[in-house]
Protein chains: 2
Amino acid sequence: MDDRVHDHAETLVNWSARIQSGDDVVVRVAEGAHELAVAVAAALGDRGANLVTVADSDEVSRAYLRGHDGEFDADPDFERELYERADSVLSLGGGRNTAALSDVPADRSQRFSRARAGIREARLDTDWMSTVHPTRSLAQQAGMAYGEYADFVYDAVLRDWESLAAEMAQLKEIFDAGSEVRIVNEGTDLTLFIDDRTAVNSAASVAYDSHNLPSGEVFTAPYDTAGVVTFDVPMTVRGRQVRDAKLTFKDGVVVDWEAAQGKDVLDEVIETDGGSRQLGELGVGMNRGIDRPTGSILFDEKMAGTVHLALGRAYDACLPDGESGVESAVHVDLITDMTGDSRLEVDGETIQRDGVFRWEAGFET
Amino acid sequence: MDDRVHDHAETLVNWSARIQSGDDVVVRVAEGAHELAVAVAAALGDRGANLVTVADSDEVSRAYLRGHDGEFDADPDFERELYERADSVLSLGGGRNTAALSDVPADRSQRFSRARAGIREARLDTDWMSTVHPTRSLAQQAGMAYGEYADFVYDAVLRDWESLAAEMAQLKEIFDAGSEVRIVNEGTDLTLFIDDRTAVNSAASVAYDSHNLPSGEVFTAPYDTAGVVTFDVPMTVRGRQVRDAKLTFKDGVVVDWEAAQGKDVLDEVIETDGGSRQLGELGVGMNRGIDRPTGSILFDEKMAGTVHLALGRAYDACLPDGESGVESAVHVDLITDMTGDSRLEVDGETIQRDGVFRWEAGFET
């Protein structure tokens with residue numbers, strides 16, 4: 001076994017999920033993630049945790065959903081109890097075919113999902129973590145050779161998370177104290193406000209309220225956005241390509257938009273509801289292991305040297321207690337590359353220039 | 001997918017486990033049994049059952065057990081509740097390496113097993129069924145090519161179970177009414193008593209108190225065995241070959257034994273305890289889909305035209321209420337071929353001659 005599989009498992013169990021002796025841990029294993037499951041089981045055994053391994057196979061789900069008439073029982077208690085009594089749920093993604101569920105009728109999947117709202121909630125109430133094991137299917141989706149993709153995933157996952165968390169804490173501190181953010185880039189001059197908002201230091205650990213491995217971003221919930229932004233990092237939104245989307249904001253709301261490709265999907269997203277015309281998230285990618293976009297938002301938005309903004313729903317963690325931010329049925333991230341002739345400013349001070357942070361380059365303002 | 005995989009799944013879900021709409025079903029899937037799991041999920045969806053799929057991977061178990069220090073928590077409740085609340089547990093065997101657990105220290109496995117006695121009991125309290133999906137690993141163990149082994153498994157599994165159950169009911173009736181059984185064969189003339197004992201019609205269904213698919217045997221619990229028996233079907237006992245074991249019984253107890261091969265393992269078994277010197281089971285194989293021994297007792301003892309006798313523990317189901325039969329730490333089946341010049345008699349009447357039952361050939365006495 002590739003040593004990195006063991007390192008991935010150790011990172012997941014120790015840094016991310018903070019598993020302790022006696023913890024009851026459910027490990028959900030996608031069809032192609034068996035090798036990672038073996039390494040995770042070794043790490044859980046070593047920690048003295050208890051283990052139930054759930055097979056999370058898309059092909060099994062497809063067969064079950066297609067066979068079923070759609071009248072699903074609500075939250076079957078044998079499954080709900082498993083998750084309600086679990087301390088942690090570790091989901092190991094990595095299927096063998098990203099299109100494995102393509103011929104399941106959409107309303108069947110939706111009814112199944114609605115019938116299991118209680119089970120999902122129980123799972124999200126645990127110290128849950130999601131990660132992915134590199135598979136040929138995911139490499140294909142990313143347009144990479146298998147070995148190349150495995151290198152890419154492990155570069156993103158096997159960081160010095162303690163050190164990255166400390167670095168990200170600096171940006172969080174600036175955001176938490178700050179009021180006005182300005183992003184200047186080719187085709188971009190955007191102002192956003194963040195006073196009273198709390199930034200999340202997303203360091204790929206339940207200890208940081210961060211549930212994805214890899215992570216590596218600092219994000220907050222902006223308001224009153226004004227100006228223009230161009231998203232020059234290629235994105236896949238709802239399975240369709242979006243290139244060079246350019247959005248104009250006034251008083252916090254998108255008033256104009258265009259795109260070199262994918263204007264139709266941008267129309268769909270922006271016209272969803274009231275919240276989808278506003279920005280729910282301002283995020284700064286800080287994972288230097290991610291060096292290129294792959295069409296998977298789990299990785300793309302964490303890429304060092306990028307800033308992402310999401311149309312739609314804001315995260316509660318960023319908002320003052322009891323205050324609701326942008327509410328929407330959608331949350332669609334779009335990314336701009338800051339490694340060119342760019343500036344990220346907070347209250348007039350330059351925090352990042354041409355993709356390099358102040359603390360890296362030692363520059364003042 | 002091979003149509004027989006679907007037929008196997010339908011047989012398991014409908015005939016064997018009698019799954020009803022709304023049943024909570026745990027499906028345990030060995031590493032090589034994913035294809036059968038897909039077909040079982042389709043059948044369960046079609047029945048309107050609820051499904052939790054547990055990955056039952058020997059490699060995951062090995063990693064966990066080797067990583068653990070051996071101080072296992074007793075019956076972790078998140079797992080116990082899953083099985084206590086389940087209506088049925090379907091175990092789909094079929095690993096990728098029958099030796100996958102070979103380097104787990106024996107005492108580690110035993111401690112793990114003891115710590116989980118409550119979970120095992122909860123599982124056995126459900127309508128549980130065990131079956132196997134043909135894998136290359138199991139084909140190798142049986143000394144067969146993969147396609148040949150798949151044919152062998154499906155011939156055994158895809159019977160007309162209703163018709164076989166009706167045929168087996170005839171033998172059960174004869175055993176239930178009978179007192180003295182005599183087995184005559186080359187190197188065999190053995191007498192056993194069965195009055196007050198109840199035979200089990202093991203028809204591969206929870207409706208028949210039978211939990212293995214395939215099955216296809218009628219068995220009971222004899223006593224006061226006397227005479228000589230030669231087991232001419234090659235057996236694998238504790239991983240070692242046993243050939244032509246010849247046992248002599250007096251007053252229900254083995255008094256002499258020899259074997260052309262494997263006398264040492266026979267010594268071990270017989271000298272285990274008081275019960276291991278007696279016969280706990282008399283079984284008659286009636287599955288005509290099983291035409292040769294493969295070294296797997298799940299199949300071998302069901303082979304049509306054979307009789308098997310087990311040294312050691314008797315099954316409670318065969319005994320009068322409150323009476324205990326042979327008690328022992330072991331239950332080792334040995335098989336004799338009845339297709340040669342043979343007779344199976346009950347109270348002086350010939351029930352089977354040369355491997356053919358009275359109702360097949362139409363002979364009297």
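Biologist: In which sense do strand 13 and strand 14 of chain A pair?
Modeller: In this predicted model, strand 13 (residues 245-250) and strand 14 (residues 253-258) of chain A pair in the antiparallel sense. Five bridges connect strand 13 to strand 14.

Biologist: Which residue stands opposite Phe249(A) there?
Modeller: Val254(A), in strand 14 of chain A, stands opposite Phe249(A).

Biologist: And how many residues lie between the two strands?
Modeller: There are two residues between strand 13 and strand 14 of chain A, and the strands form a hairpin. In the turn, Asp251(A) has a positive phi of about 50°.

Biologist: Turning to chain B, how many bridges are there between strand 3 and strand 4?
Modeller: Four bridges pair strand 3 (residues 88-93) of chain B with strand 4 (residues 129-132) of chain B, in the parallel sense. Within this pair, Leu90(B) stands opposite Met129(B).

Biologist: What about strand 4 and strand 8 of chain B, parallel or antiparallel?
Modeller: Strand 4 and strand 8 (residues 212-213) of chain B run parallel and are joined by two bridges. Here Thr131(B) stands opposite Leu213(B) in strand 8.

Biologist: Now the surface. Which residues form the negative patch?
Modeller: The negative surface patch consists of Asp3(A), Asp7(A), Glu10(A), Asp46(A) and Asp69(B).

Biologist: Which element gives the most to the patch?
Modeller: Helix 1 (residues 3-16) of chain A gives the most, with three residues. Glu10(A) is found in this helix.

Notes. Residues are numbered from 1 along each chain as its sequence is written. Chains are lettered from A and ligands numbered from 1 in the order in which they are written. This is a predicted model: local features need pLDDT of at least 70, side-chain atom pairs count only at pLDDT 80 or more; totals for chains, interfaces and linings use all residues. Side-chain values use heavy atoms; hydrogens and water are left out. Patches are made of residues with over 30% relative accessible area and no salt bridge: like charges are joined within 9 Å, nonpolar side chains (Val, Leu, Ile, Met, Phe, Trp, Tyr) within 5 Å. Accessible areas come from the Shrake-Rupley method with a 1.4 Å probe; for residues, only the protein chains shown count as cover. A salt bridge is a side-chain nitrogen of Lys or Arg within 4 Å of a carboxyl oxygen of Asp or Glu. Lys and Arg count as positive and Asp and Glu as negative; His and the chain ends are not counted. The place of a charge is taken as NZ of Lys, CZ of Arg, CG of Asp or CD of Glu. Two strands pair if DSSP finds at least two bridges between them.
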